[in-house]
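I'm opening my notebook on a new structure today. I'll go from whole chains down to strands and helices.

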Amino acid sequence: MGILEVKGVGKRFGGLQALGDVNLSVAERSVHAIIGPNGAGKSTLLNCLVGKLIPDTGSVLFDGQSVLGRSPHEINQMGISRVFQTPEIFGDLTVMENMMIPCFAKRDGAFEMNAIASVLSQRDIAAKAEEMLVEMNMADKRDMHASAMSRGDKRRLEIGMCLAQEPRLLLLDEPTAGMARADTNNTIDLLKQIQDERHITIAIIEHDMHVVFSLAERITVLAQGTPLVEDTPDNIKGHPKVREAYLGESTAAA
Amino acid sequence: MLGLTRKDTTILLIVTVLALGAPFLLNPFPISSPLAQFNAGYPDLMQRFVIFGIFAIGFNILFGLTGYLSFGHAAFLGVGSYAGVWMFKLLGMNVIPAILASMIVAGLFSVLIGYISLRRSGIYFSILTLAFAQMSFSLAYSVLTPITGGETGLQLSLNDPRILGQSVTPDGNIPVPSLFGLEMGENTRLVISNWVFTFNVGYYFCAVILILAFYLSIRIFRSPFGLMLRAIKTNQTRLNYTGLNPKPYTLAAFVISGMYAGLAGGLMVAMDPLAGAERMFWTASGEVVLMAILGGAGTLIGPILGAGFIKYMENIVSKINETILHNWFAFLPDGLEDIVVSMVYPFIGKGWHLTLGILFMLVVIFLPGGLVEGGQRIGRIFRRKKKKETGDGSGATTVNPAE
Amino acid sequence: MDAFILQILNGLDKGSAYALIALGLTLIFGTLGVVNFAHGALFMIGAFVAVTVSRILSISMVVEDPTKTDFLGNPAKISTPYVEEWFGPTIGAGILDWAVPISIIIAIPIMIVIGVIMERGLIQHFYKRPHADQILVTFGLAIVLQEVIKYFYGANPIPTPAPAAFIGSFDFGAMIGFDPNTIIYPYWRLVYFAFSAIIIAVVFAFLQFTTFGMVVRAGMADRETVGLLGINIDKRFTMMFGLAAAVAGLAGVMYAPINSPNYHMGMDFLVLSFIVVVVGGMGSLGGAVLAGFLLGILESFASMSAVIELIPGINQVIIYLVAIIILLTRPRGLLGRKGVMED
């Protein structure tokens with residue numbers, strides 16, 4: 001049984017069946033990619049996993065517990081962190097402050113208004129945030145406004161913030177969308193490094209086949225709201241159904 | 001010092017010096033000079049500076065940190081005022097219980113309003129707070145007259161019980177607010193040749209509270225709690241996906257800010273034990289918005305400067321009339337004098353609101369950091385000049401890589 | 001029953017004013033995405049256009065009449081308005097009497113120009129800034145506009161009468177078969193209601209049946225797509241701002257006889273109009289009109305003495321109460337569309 005079990009999830013928007021009957025199992029400590037053409041329901045699926053949308057049917061289990069009906073912050077507390085297509089960081093704060101927030105969240109536990117914890121010493125938090133910045137190779141940018149950084153750096157910071165929470169599952173929504181080739185490769189290296197050092201489970205939604213085939217151990221192909229096939233990258237490459245539904249178009253477009 | 005960084009300590013010291021030295025600092029002109037009308041060192045005016053400063057500091061904790069624009073903050077000030085007067089009526093004339101009651105009642109009231117209003121954000125939040133404040137104002141004027149005194153306002157009377165004090169003074173008057181016997185209205189005058197400095201007990205009481213309130217606001221700004229509030233302002237989505245629920249934080253900020261307003265209301269009645277519903281009218285809420293933004297929303301000292309600036313204009317600049325203007329420009333040739341006066345006049349004296357509106361617009365458009373940012377920019381220009389003079393004009397700064 | 005009808009009628013004129021201001025507000029919000037706190041000031045300026053026009057019309061030529069003397073023994077001064085001089089006493093007096101309706105013609109171009117200047121000069125720089133900034137800058141503008149009016153016209157309300165033909169009331173009850181003197185309604189209020197209905201109809205027809213309106217409606221639904229079609233949407237939106245200003249201004253012109261204009265009347269109406277917009281649904285034109293009339297009528301029902309006896313003070317707070325309940329239970333308002341400012 002995988003750390004994330006999606007069973008029979010369906011979601012309708014008005015007359016549009018965005019997700020049909022999605023079954024998905026992500027094995028612990030693996031990198032699992034979900035690919036599919038535009039409108040295949042990848043983002044809808046992701047939003048169902050993190051509590052932004054509630055599916056009409058089916059169940060989503062994380063580590064044996066249902067996530068349905070919980071709000072995004074509660075699901076995050078269960079150990080699921082999400083990286084967005086456009087980096088969602090605290091643009092008006094400095095890089096260091098950005099990093100301190102997940103560290104506080106980690107320390108102060110239940111994230112209620114913890115009055116006592118908020119006046120306690122910030123020193124341990126600052127030390128931890130600093131450590132995280134060094135690990136992310138961003139220590140030199142610690143006092144910079146987060147909004148002033150390049151897209152690649154923003155992505156790096158966002159991933160770092162997610163890692164600071166020590167999640168068990170990291171969800172990435174097209175992490176290299178809109179990036180230059182060099183930034184894309186940096187991000188791939190970063191993700192590989194994370195996988196090697198931290199052994200976190202990673203689920204990734206991606207358009208860019210280069211990224212998918214460099215990272216993924218298993219791939220699920222989604223088309224028109226239902227999973228077409230799930231297999232290893234090598235088998236996916238050769239799979240006739242996939243070629244027909246997705247890869248053919250995609251390689252032609254690229 | 002006191003758990004503050006050096007920079008914050010400096011700011012706190014500046015505010016302390018300004019507050020304690022105000023009777024001197026605001027009275028720079030000798031009484032005989034024609035400029036004496038610009039003196040602002042009168043007890044009631046100085047009290048207003050300080051009280052509105054506290055009000056604006058509180059507003060800034062909400063708006064400056066979280067970005068939630070409340071257009072109904074005066075409601076808390078009004079409620080605090082009523083609570084204070086009721087303490088004077090029921091308990092006694094000591095200001096401490098009155099002020100505590102103001103803060104507690106305003107705090108409870110803001111829990112209620114905040115809990116409902118904060119279910120929405122953006123413009124809806126602004127309109128909800130506005131609606132609540134207008135509703136409180138209307139109610140205070142009409143049905144709640146037994147509690148609020150309606151149109152005449154809530155006043156002390158000789159029949160009030162005052163169980164811990166006296167209903168009537170030995171000479172048959174209503175007693176005045178005091179701090180353990182020290183009357184708020186007591187003045188000490190210091191005359192140095194042509195200068196008269198007035199030291200008022202009430203003012204110093206307010207000033208000490210201002211310093212404490214300011215210190216607390218610095219601590220809030222620099223605390224993890226303050227960091228969370230700023231995070232709410234810049235990106236609630238990321239905060240949610242960091243496992244944090246913004247609601248309790250914003251509500252806490254709203255209540256703290258409401259209690260600051262209540263404190264200001266309590267101090268108002270401690271200086272003059274009379275509370276009227278007009279204090280809750282939405283223009284009063286608009287005024288504190290003006291103060292915080294003009295001074296610099298999100299900065300520490302900005303709201304105090306903004307409050308001082310607006311109250312100075314309201315009380316001093318508004319008094320300049322056409323005759324005074326003619327005296328000033330008397331050195332000009334007659335025709336020119338009239339032209340200059342007629343050009344200047346609409347903007348000062350009774351027209352000070354116009355100047356205020358224009359200034360406010362300019363600040364919103366060009367100086368989002370308010371007067372504080374303006375000062376910093378000017379400071380930077382001077383520093384740059386100095387650098388050039390000393391030949392250290394390399395100006396090598398890290399260039400931020402563009403996206 | 002008669003009391004019921006009377007209250008509906010009483011609610012109509014205030015409701016018309018709410019609806020007209022709210023219509024402009026929501027038009028601006030829906031097309032430009034801007035929260036305009038200065039919209040009430042446009043209403044006020046409209047009312048002062050009426051004041052100015054009637055003042056200009058009554059500018060008089062002063063002639064000394066040597067044959068008569070006043071009580072001090074000076075030659076009596078006879079002042080004749082120029083309009084009477086030019087058009088003869090009857091037509092001239094008629095023009096003077098009809099100053100408020102005449103102002104409508106003059107107010108339309110003036111208000112459109114003011115609206116366009118406001119949009120080009122200020123508002124357009126705020127499209128990309130946060131709503132809080134838009135509120136603040138237009139709030140500042142409202143203060144400035146109201147102070148300028150105060151400077152020129154003073155702080156006191158200026159009575160601006162309706163044409164003599166519409167002064168006074170008529171017995172509406174008797175007309176529709178009730179006992180006489182049960183439903184008395186002032187003429188001008190009925191005129192105001194009819195006028196508002198016409199303006200609202202014109203605005204809707206304009207948006208429904210012209211190409212311009214079609215583009216604007218499409219822009220309200222999806223601005224980016226329309227922009228991609230190569231249509232210069234910005235220019236049309238500027239015109240939209242002018243139109244909204246004209247609607248608010250006309251509402252003000254016609255309101256002048258009901259309440260003597262003063263410089264802060266705009267702000268008084270603005271707060272309520274915002275509530276109307278929110279209740280109706282941000283960006284929904286039909287919602288604004290519906291909510292305007294609904295709240296106007298609700299307010300007048302709440303002022304019935306029977307109701308006040310039942311719930312004291314309800315007349316003061318009914319609108320706010322309704323707004324709070326709607327905002328919390330139906331975030332999109334009565335007729336709001338999905339996706340418009342939902343948070």
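**Entry 1: chains**

Of the 2 pairs of chains in contact, which chains share the most contacts? I looked it up, and chains B and C share the most. A contact here means two residues whose C-beta atoms, placed from the backbone, lie within 7 Å. Chain A and chain C do not touch, and I noted 12 Å between their nearest C-alpha atoms.

Before going on, I wrote down that this is a predicted model, in which local features need pLDDT of at least 70, side-chain atom pairs count only at pLDDT 80 or more, and totals for chains, interfaces and linings use all residues. Residues are numbered from 1 along each chain as its sequence is written, while chains are lettered from A and ligands numbered from 1 in the order in which they are written.

**Entry 2: confidence**

I checked the scores next: the model has ipTM 0.85 and pTM 0.87. For single residues there is pLDDT, the predictor's confidence in each residue, from 0 to 100. Chain A averages 83, with 90% of the residues scoring at least 70. I also found a stretch of chain A, residues 250–254, where the pLDDT is below 50. Beyond near neighbours in sequence, that stretch has 1 contact in the model. Chain C averages a pLDDT of 83, and 94% of the residues there score at least 70.

**Entry 3: where chain B touches chain C**

I counted 34 residues from chain B and 32 residues from chain C in this contact. On the chain B side, the elements giving two or more residues are helix 5 (122–141), helix 11 (282–295) and helix 15 (352–366). Helices (H or I, at least four residues) and strands (E, at least two) are DSSP runs, numbered from the N terminus. Helix 5 of chain B brings the largest share, 12 residues. By class, I got 21 nonpolar, 11 polar and 2 charged on the side of chain B that touches chain C. For those classes, Ala, Val, Leu, Ile, Met, Phe, Trp, Tyr, Cys and Pro count as nonpolar, Asp, Glu, Lys and Arg as charged, and the others, Gly among them, as polar.

**Entry 4: where chain B touches chain A**

Here the contact takes 23 residues from chain B and 29 residues from chain A. On the chain B side I found helix 8 (224–234), helix 9 (236–240) and helix 10 (246–271) as the elements that give two or more residues. The largest share, 7 residues, comes from helix 8 of chain B. This side of chain B has 10 nonpolar, 9 polar and 4 charged residues.

**Entry 5: a sheet in chain A**

What is the order of the strands in the open sheet of chain A? I read it as 2-1-4-5, 4 strands with antiparallel pairing. Strand 2 (16–26) and strand 5 are the edge strands, each pairing on one side only. Helix 1 (residues 42–50) of chain A packs on the sheet and touches strand 1, strand 2 and strand 4 of chain A.

Two strands pair if DSSP finds at least two bridges between them. Strand 1 (residues 4–13) and strand 4 (residues 57–62) of chain A have 5 bridges, antiparallel. I picked out one of the partners: K7(A) bridges to S59(A) in strand 4. Strand 4 and strand 5 (residues 65–66) of chain A pair over 2 bridges, also in the antiparallel sense. There, F62(A) stands opposite Q65(A). The hairpin of strand 4 and strand 5 of chain A has 2 residues between the strands, and D63(A) takes a positive phi near 55 degrees.

**Entry 6: helices in chain C**

How do helix 2 (residues 39–57) and helix 5 (residues 99–121) of chain C cross? Their axes come within 9 Å and cross at roughly 130 degrees. Axes are lines fitted to C-alpha atoms, for helices over the stretch in contact, and angles run from 0 to 180 degrees between N-to-C directions. Helix 2 and helix 5 of chain C are therefore oblique to each other; angles under 35 degrees count as roughly parallel, over 145 as roughly antiparallel, 65 to 115 as roughly perpendicular and the rest as oblique. Among the residues that meet are L42(C) and I45(C) from helix 2, and A99(C) and V100(C) from helix 5. The residues of this contact divide into 14 nonpolar, 3 polar and no charged.
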